[in-house]
Structures are given as C-alpha cells and as structure tokens.
Amino acid sequence: MVRYGSIEAGGTKFVLAVGDNDLSIIKRVQIPTTYPKETLARCINFFSENMVDALGVGSFGPIDVAEDSDTYGQILATPKPEWQGTNILHELTKALKIPISVTTDVNASAYGEYIVGGGKNVSSLVYFTIGTGIGGGAIQDDQFIGGIGHAEMGHGFVMPRSDDGFSGSCPFHKNHCYEGLASGPTIEGRLGIPGQMVPRTDKVFDLISYYVSQMLFNCYLSLRPQKIILGGSVLSETELPRIQKYFAQFNHDYVVTPPLSDMIVTSKMVDNSSATIGNFALAKKQYSTV
Ligand code: ZN
C-alpha cells in the first residue's frame, strides 16, 4: 500500500503525519520547533520509523516555493533567525530519498480544503489563516497562484478604522497591514490580555472582522474566487455574519457575488486537518509525476 507523509512546519511546533492512499490519517504526532538541525533530525527519525513513499511539507515562511529555483525549499528572511537559510527540502531529500513537495503552510491548508474540504466542488478558492500571523493561499484549477514567490496576502494595505487607536503589531507595516491589525497578538496588544480570554462579544472582534472583511473584499476583487475559507484560531463561526455584512458594505452592490453565506465560510475539517490532508494530496501528486 502506498503511504504519504505530511510535515506542517510551524513556528512553535511541527506536526508529522502518515496517511494512506485515500488521504486518511494513520498516525499524527507533534514535536516542538527548536533548532533546525535538531527538529529536522526528529522528522527524519519519524519518517525512518514510519516509512512513506512521498512527503508533502507545508512550512512557515517566507520560503522559496519555486520548483525551478536553485534554492527551492529554503527558508528566507524570517523572524526565526536560526532557521534563515535552512533548506528543508535538501535536508529531508538527502536523508529520506523520496519525492518531496514543499509549499507554505497556508497553501497546504488551501489544497486540503480544495481536495476534500469546503472547496471540493469548486475550481477556485482562497484560504486564509488568521492566527499568530495572517496568510492567504489561492488555488485556481489545481495550481497555486504565485510567480516570483508565494502570495503574501496578510500584509496587504489596510484602512484603519477611526475608533481604533492601536499602533499595529507588524514590524514592517505597523497598523497598515492586515496582520498588524487583525492577527491574534493584536488582541493582547490592545487589551493586555490574551485573545483566548476575551469574550466573543468584545468590540475587538468587531474590529478584527472589519479588517478581515477588507482583506477578503480586496482578494475577491483581484481573484474572484468561488470560495473563501477561513481558518486559524482568531475567528470563529460567530464572526462570520459580521464579516459578510462588512463585505457587502464595502462592495456597495458593485460586483456580483454568490450568496455571501455560501462564499465566505470557516474551515469545517476535523482536528484542524486541512494542512495535513493537503500535504498528503501534494505528496500524492508528486509521487504520481516521478
Ligand atoms: Zn505587515
């Protein structure tokens, strides 16, 4: 039986998984993200004990995802300096000697949604994660959208609301990008308490919905995807109606949209598995082309 592997390489943890030919999860474990050598050695160890035929890696970024690039699979300028310059693809390929595909964590999630999640009946979708950071991945007809590098939708230009005096958390764009105004750390930045302790009725979630809606609206104007799927820990089902309401306000009946309650949805995949399943599917694609 053919088996596929998944590595979700995150800033605080790596999630390693083995799946079968139907992309069902057989085994899934978590290891902390420490130094590259140590963390990758643990990945190699795991996949030496749990053999797979191909591997999909969805990594934190920025990372070189251009398959024809000399530095494909290499972590670029990141706030985690010890990881900068690490080529995940080279290290894993050298040790495991199997086909490996590398993309961003958010692209992997987008692909999982496209294959088996909320996007399985459409040909174009965008997946956003709103968590410690904000990122977006777009798929059109089975391909990720992006050329020079992967999309960086979380750092798009945002219009701060007049009742929001927060100075922003993005080291690059302060309060002028979505991540700087709507990521998880902005809640604590505004209120002084961690986001998970703040009730959903707090005004901060209205602000975040407002900014996320700007991001979705701009994305919709640029790409006109059939579905926009939201993941990550910051937003829940509760904020969806507000996001849809602001989206309609920004649009002013200009572009035609499907019913917003169908088009803008949260991820329904159990156990947050969209990236894992996406990685399996990308590994399967890679396996079938070699
Ligand atoms: Zn930014």
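Along the chain, the donors of the zinc ion follow the spacing H-x14-C-x2-H-x3-C, where donors are N, O and S atoms within 2.8 Å of the metal (3.2 Å for Na, K and Ca), and sites may look incomplete since water is not among the atoms. The model is predicted, so that local features need pLDDT of at least 70 and side-chain atom pairs count only at pLDDT 80 or more, while totals for chains, interfaces and linings use all residues. Residues are numbered from 1 along each chain as its sequence is written, and side-chain values use heavy atoms, with hydrogens and water left out.

The protein donors are His155 (ND1), Cys170 (SG), His173 (ND1) and Cys177 (SG), which lie 2.1 to 2.4 Å from the zinc ion. The four donor atoms subtend angles of 104 to 117 degrees around the ion, which makes the arrangement tetrahedral; four donors count as tetrahedral if all angles lie between 85 and 135 degrees. Cys170 is buried, with a relative accessible area of 2%, whereas His173 counts as partly exposed at 33% (buried means under 20% relative accessible area, exposed over 50%, and partly exposed in between, with a 1.4 Å probe and protein chains only).

An open sheet of five strands has the order β3-β2-β1-β4-β5 and mixed pairing. Strands (E, at least two residues) and helices (H or I, at least four) are DSSP runs numbered from the N terminus, and two strands pair if DSSP finds at least two bridges between them. β3 (25-32) and β5 (100-104) stand at the edges with a single partner strand each, so one side of each is left without a neighbour in the sheet. Neighbouring strands are turned by 15 degrees against each other on average, direction ignored, the axes being lines fitted to C-alpha atoms (for helices over the stretch in contact), with angles that run from 0 to 180 degrees between N-to-C directions.

β1 and β2 pair in the antiparallel sense over six bridges and form a hairpin with three residues between them; in this pair, Ile7 stands opposite Leu16 in β2. Seven bridges join β2 to β3, again antiparallel, with Val15 opposite Gln30 in β3. β4 (residues 54-59) and β5, by contrast, pair in the parallel sense over five bridges, and here Gly56 stands opposite Ser101 in β5. The chain crosses from β4 through α2 to β5 in a right-handed β-α-β crossover, a term that applies if, with the strands pointing away from the viewer, the path from the first strand over the helix to the second runs clockwise. Five of the five residues of β5 are buried, so this strand is largely enclosed by the rest of the structure.

Helix α2 (residues 88-96) lies across β1 (4-9), β4 and β5, running at about 160 degrees to β4, where contact means heavy atoms within 4.5 Å. Helix α9 (residues 274-289) also packs on the sheet, touching β1, β2 (13-19), β3, β4 and β5, and its direction makes about 130 degrees with that of β1.

Lys174 counts as partly exposed at 46% relative accessibility, whereas Asn272 is exposed, with a relative accessible area of 59%. The peptide bond from Gly61 to Pro62 is cis, with omega near -5 degrees, and Pro62 has its place in the loop between β4 and α2.

Definitions and conventions: Tetrahedral: all angles 85-135°; square planar, octahedral: opposite > 155°, others 65-115°.
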